[in-house]
Amino acid sequence: MTSRIEVTEKILSSNDELALINRKYLDDANVFGVNIMASPGAGKTTFIIKTLESLGGRLKFGVIEGDLASSIDSDKAKAAGIPAVQINTGGECHLDAVMLDGAIKSLDLSMLDLLIVENVGNLVCPINFKIGTHMNILVASIPEGDDKPYKYPGAYRGVEVLIISKIDLLPYVPFNMEYFKKGVEVLNPGLITFVLSAKTGEGMNLWADWLVDKVNAWRERN
Amino acid sequence: MHELAVSESILKIALENAEKAHASSIKSINLEIGQLASLVDESINFYWDIISEGTIAQGAVLTINRISVEMRCFDCGKVFIPDGESFECPDCSSIRVQVIRGDEMRVESIDVE
């Protein structure tokens, strides 16, 4: 005889639970965790390395690089003097809490104020998988086009900060900033946004100053 | 794209609950998935057949109840189902709106023997 068992459980609840454990681990070390998401080629790694320069030693940070394969990104970060750990997902389209759990333990958090996690380049999957960081950031680069908020609404809805990057390319590619921002506003009203170019440095200081204040305020409260 | 991880989590939840109830087989799994959840039914079913093989959930039917998107306007309080691509409030045209339904990814119940 068939009988029904009521479950009412979130499908990703075990990932969410482990994400909370990761969060606690960061809290205990007083390290603010940031999850950076973007499509492939948006310039996440360059943005992170240039952030180091703009911070000018005001925050000590480490990175965890997520990619399907290779250590190209963590090698770049290490070459810039940033403690870095590479996660190769081996085909998975996102980082999850289990992967982060392994990676954070190989960094010496007592040396850090901030942990930046560079998620797998993808505008769909990472947003569904909490990893335990305190803040989600989306990097949207100008050459991707101004229609991305309309095409990938989930990515824009699930973040606390938006970085509009590669603005040095605005003269060369069709990109209607007003149309783009209207799409974002509908999905995430009042979203904190920085408009910058990691290449020329334009806008980087404003972002770095904001980040220093954010991390320091959090660490004092934590 | 992440349907494999989702299918694995569904299987884990179903097996845990079936075991607690000392069930010998799982006949169906009833899911609630919001339209905004970025999941493709066919893809979940594809992975399901592979990963459930050899478990008491083998052959179980996944019943997917798709929850449509519902929004609330911050400015006038209107609750509405968005029309196509636009999330604008149909009453006051505000774009300060909030998703109140349509994000779900839940196992609601399982039918077992």
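A:S3 stands opposite B:V112 in β6(B). This is a predicted model, in which local features need pLDDT of at least 70 and side-chain atom pairs count only at pLDDT 80 or more, while totals for chains, interfaces and linings use all residues. Residues are numbered from 1 along each chain as its sequence is written, and chains are lettered from A and ligands numbered from 1 in the order in which they are written.

**Contact between the chains**

- β1(A) and β6 (residues 105-112) of chain B pair in the antiparallel sense over six bridges; two strands pair if DSSP finds at least two bridges between them.
- Helices (H or I, at least four residues) and strands (E, at least two) are DSSP runs, numbered from the N terminus.
- Chain A gives 25 residues to the contact and chain B gives 26 residues, where two residues are in contact if their C-beta atoms, placed from the backbone, lie within 7 Å.
- On the side of chain A that touches chain B, the elements giving two or more residues are β1 (3-10) and α7 (177-187) of chain A.
- The largest share of that side, eight residues, comes from β1(A).

**The sheet of chain A**

- Seven strands of chain A form an open sheet with parallel pairing, in the order β4-β3-β5-β2-β6-β7-β8.
- Its edge strands, each pairing on one side only, are β4 (84-88) and β8 (192-195) of chain A.
- Within chain A, β2 (residues 32-38) and β5 (residues 114-118) pair in the parallel sense over five bridges.
- A:N35 has A:V117 in β5(A) as its bridge partner.

**Two helices of chain A**

- The axes of α2 (residues 44-55) and α3 (residues 72-79) of chain A come within 10 Å and cross at roughly 15°; axes are lines fitted to C-alpha atoms, for helices over the stretch in contact, and angles run from 0 to 180 degrees between N-to-C directions.
- α2(A) is therefore roughly parallel to α3(A), a term for angles under 35 degrees.
- The contact is made by A:T45, A:I48 and A:I49 of α2(A) with A:D73, A:K76 and A:A77 of α3(A).

**Chain B**

- Chain B has two helices and six strands, and from the N terminus on its elements run α-β-α-β-β-β-β-β.
- The C-alpha atoms of chain B fill a box of roughly 55 × 25 × 15 Å, taken along the principal axes.

Definitions and conventions. Parallel < 35°, antiparallel > 145°, perpendicular 65-115°, else oblique.
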